[in-house]
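Please look through the structure below before reading on. The paragraphs after it go through a few of its features in turn.

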Amino acid sequence: MPKRLAITLAGAVSLGSYEAGVLYEVLDAIHQHNWHPDTSPDDKIKVDVLTGASAGAMTAAIVAHKMLYAANEFRGPYDNPLYNVWVKRIDLKGLLHTVDDGSANAEPALRSIFSSNLVEQIAADMLTSRYESGRWPAPVTHEAAAASIALGMALTNLNGVDYAYDMKPSGEFIYTQHEDQMTRVVSVGGSDQPVVWKEIADASVASGAFPAAFRTKELERRMVDYPGENLVKWQDDPARFTYTDGGVLQNEPLGMAKNLVDEIDGHWNNESRFYLFVSPHGKTSTADSGFREVNADYFHLARRVAAVILGQSEFQDWVIAERLNGQIALLDGRAKELEQSLLSGRVNAYGLQRTSEELLQLLFNQPRTDGRVPVASVGLEALAEARVRIEHQYREEIASLGVGSMRATAFRDTILAFEKAADLGSRDYMRIYGMSVSEDCLAGAELSAFLGFFDRRYREHDYDRGRLVARGVLQDPVLSTQGELGPVRYTPQPTNPIDTSLNGLKLSEVPSADQREFRDGMKRRVSSMVKDLIGFWSYPADVAVIDPIMNAILNHLFRE
């Protein structure tokens, strides 16, 4: 069986250019590796899960589509779908070119600062233009692509979905969930259809609808996407919900990737499962010890609250995964100790087997309840199925004890009892490789990661930085040790020289021409907002009030 790779892409805004560089390098490396004459079928690497939030969701959708159907578009490091979108195409000038003329494509100033039409057009060009003529070419599949890819995009549902729970002594309470997602399984044969990718394109735009910067996005959803007995069913199915940036509540959906992996693997063959976590954050602390009551004006408070909300949604899944990894490593350590104790005779196999058998009957039976206290379900996995899984997962230890022997049976059932009691049956050890970077090494991190849109040079810098970070991980000797993803057999393609003067670029260091373009665009947009609000009086308000206030705010912004 080849090695399977699940990739998670964090929210990034303009630092989508960094993630694009990482992804290009990874896909190029896997392509070379899989074609290498020394790579056996079991050593090949296939990407079968892609999840993302915000800009990462758009990138995940593009990668899935192009890997499955248009691998020929990956012509080189500086001519491929990722580079062409995140470096060449999306920039400040395009984002500031809003349409506000009352037409069907109008972008009212009160709904967004930047042009959502540009983002919509990019999604259409990358994901649905293939189908416009009604006849589309035969798919060209990337060497890194699995036969099917599970795609997941984080969403923030502004309407919310209700779940009802019983209260004691009577009644119920309603929990409204706003953290949302869309997951789809796409393949070469069954998903190369316009209706499939129109839905995915719309979801990718919704996931990247950064609050205020871009307008919200409506999606049609069905109840089947929201499993659970506590769901409060809505009357009309499908229903429409309004979404904003998925990164607000789930900026790095590694847990979503694990859930999709579970649907594919069923907790089997974990030794060939690996995770790649891509984020332009994480190497630099977001703590701010200098924030004090005395300087908590509206401007600084808004910036700090935004940083807190977004920062709190980062790396949570990874932290949880690492904690579970520690518990699973402890279980594996106990298994080794038990194996040695049985081999040495320090533990009586017959007595241990009788005890573990009784424990398993208890642990796999649903406890009874007196009706007053709800009891959680013990899970769907049957005892016989769990025993087969444990025999597979600990096959080396069982082989050393003698397959079919009393010692092997006692070992299997005891480890299963340990696992079940610790509620680790639905958990697997996750081998996670991180491709994150210090923001001091990036050019586009300022202004909540919008700075990269100011100049193509900044995006090129971050794209190449992503390639170098990926290269460092792929060539790290750790990846070539027993049980890891590598060795990855590839020869990196040349990278353009990185202008280190752009490392950690501050807004105050941006050239005056770029500053002026941003200033003029913001002032035009705010003027349009005022016009929409007060109509005729907007012109004198612009001159007497809005223009001086905007100048003061922008001056303050560019000084920091």
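The model is predicted, so local features need pLDDT of at least 70 and side-chain atom pairs count only at pLDDT 80 or more, while totals for chains, interfaces and linings use all residues. Residues are numbered from 1 along each chain as its sequence is written, and side-chain values use heavy atoms, with hydrogens and water left out.

Begin with helix α10 (residues 349–363) and helix α13 (residues 406–421), whose axes come within 8 Å and cross at roughly 35 degrees. Helices (H or I, at least four residues) and strands (E, at least two) are DSSP runs, numbered from the N terminus. Axes are lines fitted to C-alpha atoms, for helices over the stretch in contact, and angles run from 0 to 180 degrees between N-to-C directions. The crossing of α10 and α13 is left-handed, which means that the near helix is turned anticlockwise from the far one by less than a right angle. Residues in contact have heavy atoms within 4.5 Å; among them are Leu352, Leu359 and Leu363 in α10, and Met406, Leu416 and Lys420 in α13.

How many aromatic pairs does a search of the whole structure find? It finds 16. Rings of Phe, Tyr and Trp (its six-membered ring) pair if their centres lie within 6.5 Å; planes under 30 degrees apart count as stacked, over 60 as edge-to-face and the rest as tilted. Tyr83 and Tyr463 form an edge-to-face pair, with 4.9 Å centre to centre and 70 degrees between the planes. Tyr83 lies in helix α3 (residues 81–89) and Tyr463 in helix α15 (residues 456–474), 380 residues apart. Both Tyr83 and Tyr463 are buried, where buried means under 20% relative accessible area, exposed over 50% and partly exposed in between (1.4 Å probe, protein chains only).

Phe274 and Tyr433 form a stacked pair, 6.2 Å centre to centre with 15 degrees between the planes. This pair links strand β7 to strand β8. Phe274 is buried because its relative accessible area is 1%.

Asp476 lies in the loop between α15 and α16. Asp476 counts as partly exposed because its relative accessibility is 31%.
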